Amino acid sequence: MAFAVVLVILVLGSVLFHFLSPWNITPIASNWGSIDVTMLITLVITAVVFIAVNFFIAYAVIKFRHTPERKAQYEPENKKLEWWLTLGTSVGIIAMLAPGLIVYADFVNVPEDAHQVEVVGQQWSWSFRFPGEDGELGKSAIEHISTDNGFGVDPLDGAGQDDRLLTSNTLVLPVNRPVKLLLRSKDVLHNFYVPNFRVKMDSVPGQVSYQWFTPTRTGDFEVLCAEYCGIGHFNMRAFIKVVEQQEYDDWLAGLPTFAQSLKKEASEKLSVKAEKGMQVAQQKGCMACHGFESSPAGPSWLGLYGSTRVMKDGSEVVADDDYLKEAILEPNASVVKGYAPIMPKLELSELEMESVIAFIKERGNETDPEHQQGTDAGKASGAELAQSKGCTACHSIDGSRLVGPSWQGIYGSERTLASGETVTVNDAYLKESMFKPNAKMVEGYPPVMPPSQLSTAQANALIEYIKSL
Amino acid sequence: MTAQEHHAPQSFWTKYIWSQDHKVIAIQYSLTAIFVGLVALVLSTLMRLQLGFPGSFDFIDASAYYQYVTMHGMIMVVYLLTAIFLGGFGNYLIPLMVGARDMVFPFVNMLSYWFYLLAVVVLLASFFVTGGPTGAGWTLYPPQAILPGTPGSDWGIILMLVSLGIFIIAATMGGLNYVTTVLQARTRGMTMMRMPLTIWGIFMATILALLAFPALFVSAIMMLFDKLLGTSFFMPAILSMGEQMGHEGGSPILFQHLFWFFGHPEVYIVALPAFGIVSDLISTHARKNIFGYRMMVWAIVVIGVLSFVVWAHHMYVSGMNPYFGYFFATTTLIIAVPTAIKVYNWVLTLWQGNIRMSVPMLFALGFVSTFTIGGLTGLFLGNVVVDLPLSDTYFVVAHFHMVMGVSPVLVIFGAIYHWYPKMSGKMLHEGMGKFHFWATFLGTYAIFFPMHYLGVLGVPRRYYAYENYDFIPDSAKDLNAFITIAAIFVALAQLVFLFNLAWSYFKGKESGPNPWEATTLEWQTETTPPGHGNWGETVPVCHRWAYDYSVPGYEQDYLPQNYPEEAKV
């Protein structure tokens, strides 16, 4: 008896909860109202079954409760009833599945006029690439990724030169225009999910997946990562700003192209040999520590060739062909002052070595001032960098504890390291933490921070920002 | 000298530790599974503390949170549910219910338990290694599972994969035994179509386990190779911590296919024994034959077969070829038909019954209610386009907890209340049992029903914290706090159950051989608990199906399966 009453109350309570609770579907902002309709059909059909089954149980346990006098009916089967129930269930299933598959066909088949945006996931931030005037995205590969080329666009693919790159985490999209998102990942699985747009899809390393939608109203929307991607997963954030077409066009035109970001104009002037050297330098990972911006890991190649450098032992060396060759063959024999002897020995052929040196010479000693200043380093404020480089996925700015230490009040404070030592958080410590994050870990935090791909100017901007918190 | 005297082990050591008796092994399996399940229960409470009261507990940082989530999930699905249904109930009930003296390979049966125990020890050891247990999520998706951005990626993940390998060896040894015993050791007259549905459920689940676990086994080994030897089964060219890894050409989605080729049948490895047991509980306590026995058997078989062609419904948004969605949505919704038939037949069994609301019956009916919710929400997620907004949200968490967390656990409890008298000779205390039922049934409803709505709202799962997400209203935090309080309440209520198990063993009412007046053979043993070899001089002969309740023309309202055809009372 009690069971029956409770069951009825549960069912009625659940129905009331559905209509009265404040937790319901997020307001839609895309063309996928049809998905909401299929969900509603499913809800209605399943709710009827849910109520019927529970009420039936409640009725039966009261009506047929145990009495010593009565005996249960003996009825092993009732073929007719069983077939009717099977038939009825099948009809219900078809009523849910058929509209579902029809709407799904819309999702699989992207409209012809959809424009493309590439979404690249990495632990724990998003970046975006747009095809340029040619309407085509350049080829990309993990092996091309370097400090200068965060997207890994193939530098030799003509189609990639005019691609526009967005490394901040606010994606702007035009309203009422279908967009096909091409999803890619540099490291692990991620999932690009905007609750208001309904659809989502994993980005998978090693392949390209897609999803499409049409934003139907202007406004700001939150992007979430919906596929577990490691410890910073819950804070892998981005935003979508839906605007009118004109505003979008203006915004897009302001983004740097790949060629601009890679100083492509210069590399067009490169000799065939230097071009080859650029490929070698990228493939062998030289660019990760050197590149053409200053970096604490290794001497920048900017203006290196022919310059005089002070070595660790105080001697002076001119960086000519012979020295560079020696530095490649025996990297740690004589190290430039201020750098750690950490460069691995590389197996390079004579020809490869010569082409790398040609590349260092031609690219590093250009006179174009625009390129000598590096990319847009320093232009972006520290706050923007903190967002776009994914720092804030793990470091809060309001004192709350996330994966890593909060930045609020961290500058100038004393911290105990996992090794038991204490450090004062100053410029030097912060810089070291950015580039060799797991060398001096604060006690109580996991060693999961990836080394930052920042220029010195960017690192300084970030430190200024951290100071201000 | 009779058969069982000849075999009866004498010393404490051979009787209770290195035992080859299926009943002792069953209890060893069950106690180990319950112990490790309690560990997982504590982990879920810790995880809920963070979600309900974010940041209030310093020791629950993001690493710890993800480790709790992972270990909770894996322990509950594999080391508790699979182990207790097959190793526990399968071991105890198969020989008794089919009228055999033991499993056909008693020594292998014993080895199965010790391998299982070893798997548990290796798994728990990962709490004590550098970096702690893996925090990769119970699905262990590469590449993140073996990369440093995930907690426990040095030793934790290795121990997890090794432990799974050992568990699968254990499950295979047990499984071959269960299947062979059902096929070869049934007593005279026990045709397949006279077997209790409990045995049908366990039998089919074991076949699924034998076919599905190898997929997990090979993926565990392949992932170990990727981790330790630098192979590239699941690893494409990627960056990790800013550096290019040496891998090339592997496919993360291949792992997902292998994992869910195991993972979906796994749902039914847990569900089919529960289906079978609940059929017998309802029939026995309603004093009425199960409705549509043949349809129930066919439903179990059809569900078992179909469960191998629905796996990719876990992968609608995984980036696999989207055209697969049509196929898997269709097969998934088709599987709802035999499943729905089972629900109809359970409730139709109540119709014109003479229902005793005993504690096992409460749990069985509670199961029908929660399973109905879990099954129906599966229709949302199985229908590919409806899954797009709901996938990876709390709707999924609520769904699978209802359907393969709460529901099977209610059956386990019901089954323990039902068979404890046979195992111990004592009844479990009814008052404590009723409290335990109400606390668990209502408590879990309070946890998981509202959780669906967080998912509809779009709240993603596997989030350590939800601060600063504007689309999540502040009221969702209150709901999370409420859910946490309900979860703590349910966890504490289990202490009453544990106390009842121990207290009743010493102080419980004597049960007699057949307290529920049930028909199946295990209730017809000479002694209770049954002795070594189960039966006396001769094994019972089966004369009828398992559901002769309230047969017209007989005074008593049940006829045991070994009750002869002719003799009338």
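**Notebook: chains A and B, predicted model**

I started with burial in chain A: buried residues make up 40% of its 469 residues. I count a residue as buried if 20 or more other C-beta atoms lie within 10 Å of its own, as exposed if 12 or fewer do, and as partly exposed in between, with C-beta atoms placed from the backbone. This is a predicted model, where local features need pLDDT of at least 70, side-chain atom pairs count only at pLDDT 80 or more, and totals for chains, interfaces and linings use all residues. Residues are numbered from 1 along each chain as its sequence is written, and chains are lettered from A and ligands numbered from 1 in the order in which they are written.

**Chain A, overall**

I looked up the secondary structure next. Chain A has 14 helices and 14 strands. These are DSSP runs, numbered from the N terminus: helices are H or I with at least four residues, strands are E with at least two. The C-alpha trace spans about 110 × 55 × 40 Å along its principal axes. Chain A has a radius of gyration of 30 Å, whereas a compact globule of 469 residues would have one near 23 Å. That radius is taken over C-alpha atoms, and the globule rule is 2.2 Å times the number of residues to the power 0.38.

I then checked the domains. Chain A is assigned domain 1 (2-108), domain 2 (115-260), domain 3 (264-372) and domain 4 (382-467). Such bounds come from an automatic or database domain assignment. The C-alpha centres of domain 1 and domain 4 of chain A lie 53 Å apart.

**Chain A, details**

I looked up the UniProt record. Its unreviewed entry places "transmembrane region" at residues 41-62 and 83-105 of chain A. Positions follow the numbering used here, feature names are shortened, and annotations may be inferred rather than shown by experiment. In the model, residues 41-62 of chain A are 100% helix and 0% strand, with end C-alpha atoms 32 Å apart. Residues 83-105 of chain A are also 100% helix and 0% strand, and their end C-alpha atoms are 32 Å apart.

I moved on to strand S8 (residues 209-213) of chain A. Four of its five residues are buried, so S8(A) is largely enclosed by the rest of the structure. Strand S5 (residues 179-185) of chain A pairs with S8(A) in the antiparallel sense over five bridges; pairing takes at least two DSSP bridges. Lys180(A) has Trp212(A) as its bridge partner in S8(A).

**Contact between the chains**

I counted 89 residues from chain A and 101 residues from chain B in the contact. Two residues are in contact if their C-beta atoms, placed from the backbone, lie within 7 Å. On the chain A side, H3(A) gives the most, with 14 residues. By class, this side has 51 nonpolar, 24 polar and 14 charged residues. Ala, Val, Leu, Ile, Met, Phe, Trp, Tyr, Cys and Pro count as nonpolar, Asp, Glu, Lys and Arg as charged, and the others, Gly among them, as polar.

**Chain B**

I found 15 helices and two strands in chain B. Its radius of gyration is 24 Å, close to the 25 Å from the globule rule for 569 residues, so chain B is as compact as a globular protein of that length. Buried residues make up 63% of the 569.

Chain B is divided into domain 1 (17-190) and domain 2 (511-569). Twelve residues of domain 1 of chain B are in contact with 13 residues of domain 2 of chain B. Helix H4 (residues 62-98) of chain B supplies the largest share of the domain 1 side, four residues.
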